[in-house]
Amino acid sequence: MSHPVNTEELTERLAEYGNAAFVVTVAVGGAPKVVHVPVVWDGEVIRCTPGGGTLANLVTSAPVTLVFPPPGPGSFSMLLDGDGLADGEVAVITLTGAVLHRPAPEQPGDEINC
């Protein structure tokens, strides 16, 4: 089961999950691009400084997902969705949704409550 995360609690959640996330974008041709970078939440948007490939994917406003791995075994991952736009060498991401996602099963095929 996923649990919603609202922007009012995001500062607290980032303290728990850390300030580095996998940033997922998609190129015009549909190829995914995943980078791991530090991020900053300023209370309104998330900013990060990914490489040129990610910034090229954000020349025009495009969907972005940030993935924060679980802080420990059996913990939830945090997924943040947003609209990203390159501003020079900075990616600026306006959040559209955020959830804590259930832990993965220990073995493929193991059932876990969703």
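Trainee: What makes R47 and D42 a salt bridge?

Mentor: Look at the gap: the closest N and O atoms of R47 and D42 are 3.5 Å apart. The cut-off is a side-chain nitrogen of Lys or Arg within 4 Å of a carboxyl oxygen of Asp or Glu, so the pair qualifies. Keep in mind that this is a predicted model.

Trainee: Why is R47 called partly exposed?

Mentor: R47 has a relative accessible area of 36%. Buried means under 20% and exposed means over 50%, so R47 falls in between. D42 gets the label as well, because its value is 43%.

Trainee: How many salt bridges does the structure hold?

Mentor: Three. Besides R47 with D42, there is E9 with R13 at 3.3 Å, N to O, and E16 with R13 at 3.1 Å, N to O. Both of those distances are within 4 Å, so they pass the test.

Trainee: What makes E9, R13 and E16 a network?

Mentor: They are linked by salt bridges: R13 meets E9, and R13 also meets E16.

Trainee: Where do E16 and R13 lie?

Mentor: Both are in helix α1, residues 10–17, three residues apart, which is about one turn of the helix.

Trainee: Are E9 and E16 buried, exposed or partly exposed?

Mentor: E9 has a relative accessible area of 23%, so it clears the 20% limit and counts as partly exposed.

Trainee: Why is S77 called buried, then?

Mentor: Its relative accessibility is 18%, and that is under 20%, so S77 counts as buried. S77 is found in strand β6, residues 77–87.

Trainee: Which residues is S77 in contact with, leaving aside its neighbours within four places in sequence?

Mentor: Y17, F68, P69, P70, V99, L100 and H101. Take V99: it is 22 residues from S77 along the chain, and their C-alpha atoms are separated by 8.3 Å.

Trainee: What makes β2 and β3 a pair?

Mentor: Seven bridges join strand β2 (residues 20–26) to strand β3 (residues 32–41), and the two run antiparallel. Pairing takes at least two bridges, so seven will do. As one example, A20 stands opposite P38 in β3. The hairpin has five residues between the strands, and G30 takes a positive phi near 100°.

Trainee: How do you know that β3 pairs with β4?

Mentor: By the bridges again: there are three between β3 and strand β4 (residues 46–48), in the antiparallel sense. At least two are needed, so this pair counts. V39 has C48 as its bridge partner in β4. Four residues sit between the strands of this hairpin, and G43 in the turn has a positive phi of about 95°.

Trainee: Which residues have the most contacts inside the largest nonpolar core?

Mentor: L10, V39, I46, L66, F68, M78 and L80, in a core of 25 residues. β7 gives the most to this core, with five residues. Leaving aside its neighbours within four places in sequence, V39 is in contact with residues including I46, L66 and F68.

Key
Residues are numbered from 1 along each chain as its sequence is written. This is a predicted model: local features need pLDDT of at least 70, side-chain atom pairs count only at pLDDT 80 or more; totals for chains, interfaces and linings use all residues. Side-chain values use heavy atoms; hydrogens and water are left out. Buried means under 20% relative accessible area, exposed over 50%, partly exposed in between (1.4 Å probe, protein chains only). Contact means heavy atoms within 4.5 Å. A nonpolar core is a set of buried Ala, Val, Leu, Ile, Met, Phe, Trp, Tyr and Cys residues joined through side-chain atoms within 4.5 Å.
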